Amino acid sequence: MSVDGRRVALVGVEGPLAAIAQTLSHPNLHGALVVGEFGTGKSAIARRLVTAGDPHQTRFFLVRAAENLAAVPYGALGPYLSHATPQALDSSLSALRALVSYFRAASEGRNAVVVVDDAQYIDDDSSHILTQLVISRIIKVVLFADGLPPRAGDLFSLYTDGFISRVDLPGLAEADAVALCEAIQGGRLSQGAGHYLTRQSAGNPLMLRALLDHATATGELAEHDGVWCLSGRFHPPAPPLMDLAKTLLQELTEQERTAYEVVALSGGVSQARLAAVKEDAVAQQLVRRGLLRTLGSSTSVLRVAHPMMARVVRALVPAGRSADLRRRVFGDEVVPPPVDEGMIDYLDWALDCGAAVPPAVLLTAARTAAHVSSPESALRFASAARAAGEEYAGVVEEARVRVGLGEYAVAAELLDQVPADGARPVVAADAAVLKALACVQGGEDPSRIHAIADACAERLARVSEQGSTAQAEQSEQAGHALGLLHLLAWILEGDFATARAEVDALDALAPAGVESEAPLPVLLMLFRGEIDAALGHSDTALAGIRAALDAVDRSRGDLEHLRPRVVARYVSALIHAGEFATAREALEEYRRRPVVSFEYVGGPLAALEAILEARRGKFRTALHLLEPALASLRQVDSEMLLPYALGVAAWASHTLGESGAAAAFEKEFTGVASIGSRPLLLLGQAFLAAASTGGGDLSGLEALAEAAREASFRSCEKDMLELLSVLGDTALAWRLAELADQFEGSEAQVLSRYAHALADHDATALLAAADSAERIQKIPLAAEASMRAMRLFEEQGDGRARRMALRTVRHRQSLLEGVLPHEEGDPRSTHELTSREREIARLAANGASNRAIAEALVLSTRTVEGHLYRIYGKLGITTREELEGEMRAYDDEH
């Protein structure tokens, strides 16, 4: 592929090529049928196969079938029959002889493989004659086709009869799709952008390239700090995308097109519904061709295989036809499915066709759409709700979209239009919540949240004194929302004692009989979990936040707007509890969901994944993930993680020796140091302090740990004390032991063992703690504990134990990406053998006498004896038998 004069390598082809090669080498198979949908790069792979094969063993012959030659006898094989006389083509036998002669001469004793591109268009005569050549073992064949044609000819019968095997071409995996896009763009993609492009195109290379070009041209994809990020806004399909869809649709019959359009417009439809337009049978043909797919575990609900085609089809189908199709399928009803079964597309189609959608449905859909990267639909639903009489509620939902896009000033202006005395109390409370979020995400102090909540409560109190019973009930709901707002502020301020009291109070005020799937109990579970996590009760915290996530799952989409936030808090709690494997599973679980927030995938969740890697000691991997994540967070930072992520980025850069990058991250931190929770800001400062310890001065980090202790930021203090230990400062090990003994979870147990072993100067216990740390993937701590044990053994004069500890140090340092500052240099110190000593030790271990060693190395026998004396001392051994074991272990390590 060529882009702006640059060659872009094919990606994702190695697997199919390997499968084809394996088939061609099989003694009982005669080739392969390679099946892939429109746009999967079959022609490119065919060309690659022909040019990349081993020319010494195989000669490839490329045959290009074409639809306009399908009725021409031998049309596909014309280039290989150009030497034949007209008489030779009078019969298939003569043509067969001519081709046998040609392929044998051209292959020159090598294996002959005929590669047929677009094999579904091959003419009958060419199909028949190639089949005979395969059966006669003159050639092997590789057929590239969209699938088995309805009327499969002789050539395709080779597959049905078992002569050739089938190789399916799936869409590109996300890593391959991202690699292709980055090669085309000449820069990195954020995780959100890569996930969006892959998901929307289903990895189809042709559609991926078309969508990438569209996103770049319209500004859906914009470059920030050298990274291509989603802008958050999506535009109607431009002509190139429309042309691609037309090419796809013109291949369909009228019945197939109708079925495809209904599925695309509806967002997902059951086969029973398709029966209303009498197209349920042809839908299965579209599934087999890879144009439709079944939804999740259901076999009855169908969706388009390439989500990007839904909006293109909506733009292509004339309004009259669209309305007629909807009327035939759904009549006048408006019963939207859950969001992960196509709710947003369903309601967009309903509005397109002038259906009467209840305002309550529109408002709920607007809230959900705003949190699953569908801002245009969210704005449309909010506008329709306003037109239907929900003026202020519609304004709130529009403001929600603006907050999600990082347009905080615009959101604040909109929310100022919502009067507490003119709107319903719950709407006024929603407006206050959004305004508070806009303020703190924009950099204002969390104390501003209290002021906003109090002002709203005061206005609502004046109104409720004169209101009806119904309004009083709404005022009570609004009071709960404002209580949650205060609770958020206390958590951000780090006032966990007050926050815990407020959670208990709100729990007591919650009305009896409220389902756990309602917003109030779910948010209370989430906030209680955050408080427990901050105080070190990690097992309790994780159970609570997981329960909140389970409640979102059970809500069938009603609480989908809460999912991104709950997932982010769950992953964060897992990371800070040292549950790295479970955190990674939670990240993958969210990415696999049918509907996601691309903003969260590219920003908060990508940053948390990077922080996870840094805590595992994978500093290079962490920095690679952080660079695009930071670019996304600079645009929108819904979880207010930017300062913390910058601190970790500086620390990772420092361990990799990239002091310039570390300084740049530190400088940027000063400009955003007012954003987010106070404990995370302090922790971000701690990582910055760790990145500034070039001279070994850890006083700044010690002062931050003391500040965390005074503020009762217990989990934050624990992380700082662990960081101090990893950097070689164990003066506060007693405090780490004290904290870890009070904390819950497996990480706390490891830290407790480590800290107590330090305090007791117990080298053996330190090695055991290091083993435990490695099992939970806390490699920096494992490496530090091993190093500390090795030095204790050295002080004790136990050379043998020191040597064993050295092996674990080497192993654990090899697992790190980057060098921790106090580990610079060689941990082997003076106890490591010199090159001459290793030479002598190896000869002695192999059974050579002192005299033989002296003669081999041209030394005196006394010199050899002196070397062996020092070798035995360094290794802590006394016999040659022990020396043999030590040298074997040394060789294994190297």
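This note goes through the predicted model point by point, from the whole chain down to single residues.

1. Ground rules. The model is predicted, and local features need pLDDT of at least 70, side-chain atom pairs count only at pLDDT 80 or more, and totals for chains, interfaces and linings use all residues. Residues are numbered from 1 along each chain as its sequence is written, and side-chain values use heavy atoms, with hydrogens and water left out.

2. Overall build. The protein chain has 44 helices and 13 strands. Helices (H or I, at least four residues) and strands (E, at least two) are DSSP runs, numbered from the N terminus. The C-alpha atoms fill a box of roughly 105 × 100 × 45 Å along the principal axes. Of the 894 residues, 54% are buried. Buried means under 20% relative accessible area, exposed means over 50%, and partly exposed lies in between (1.4 Å probe, protein chains only).

3. Contacts along the chain. Take contacts between residues at least 6 apart in sequence: 68% of them join residues at least 24 apart. Contact here means heavy atoms within 4.5 Å.

4. The five-stranded sheet. An open sheet of 5 strands runs in the order S4-S5-S6-S3-S7, with parallel pairing. Strands S4 (58-64) and S7 (165-168) stand at the edges with a single partner strand each, so one side of each has no neighbour in the sheet. The twist averages 20° from one strand to the next. Two strands pair if DSSP finds at least two bridges between them.

5. Strand S6 and its partners. S5 (residues 111-117) and S6 (residues 140-145) run parallel, joined by 4 bridges. Val116 has Leu143 as its bridge partner in S6, and Val114 has Val141. S3 (residues 31-35) also pairs with S6 in the parallel sense, over 5 bridges. There, Ala32 is partnered by Val142. Of the 6 residues of S6, 5 are buried, so the strand is largely enclosed by the rest of the structure.

6. S3 and S7 run parallel and are joined by 4 bridges. Leu33 stands opposite Arg166 in S7.

7. Axes are lines fitted to C-alpha atoms, for helices over the stretch in contact, and angles run from 0 to 180 degrees between N-to-C directions.

8. The H16/H17 pair. The axes of H16 (residues 359-370) and H17 (residues 375-387) come within 8 Å and cross at roughly 155°. That makes H16 roughly antiparallel to H17. For such angles, under 35 degrees counts as roughly parallel, over 145 as roughly antiparallel, 65 to 115 as roughly perpendicular and the rest as oblique. The crossing of H16 and H17 is left-handed. A crossing is left-handed if the near helix is turned anticlockwise from the far one by less than a right angle, and right-handed if clockwise.

9. From H16 come Pro359, Leu362, Leu363, Ala365, Ala366, Ala369 and Ala370; they meet Pro375, Ala378, Phe381, Ala382, Ala384 and Ala385 in H17. The residues of this contact divide into 13 nonpolar, no polar and no charged. Ala, Val, Leu, Ile, Met, Phe, Trp, Tyr, Cys and Pro count as nonpolar, Asp, Glu, Lys and Arg as charged, and the others, Gly among them, as polar.

10. A buried loop histidine. His306 sits in the loop between strand S13 (301-304) and helix H13 (308-316). His306 is buried, with a relative accessible area of 1%. Leaving out residues up to four places away in sequence, His306 touches Glu37, Gln200, Ser201, Ala202, Asn204, Met207, Gly290 and Leu291.

11. Positive phi at Tyr74. Tyr74 is not a glycine, yet has a positive phi of about 55°. Tyr74 is found in the loop between S4 and H3. At 10% relative accessibility, Tyr74 counts as buried.

12. Positive phi at Val858. Val858, also a residue other than glycine, has a positive phi near 55°. Val858 is found in the loop between helix H42 (850-857) and helix H43 (861-875). At 73% relative accessibility, Val858 counts as exposed.
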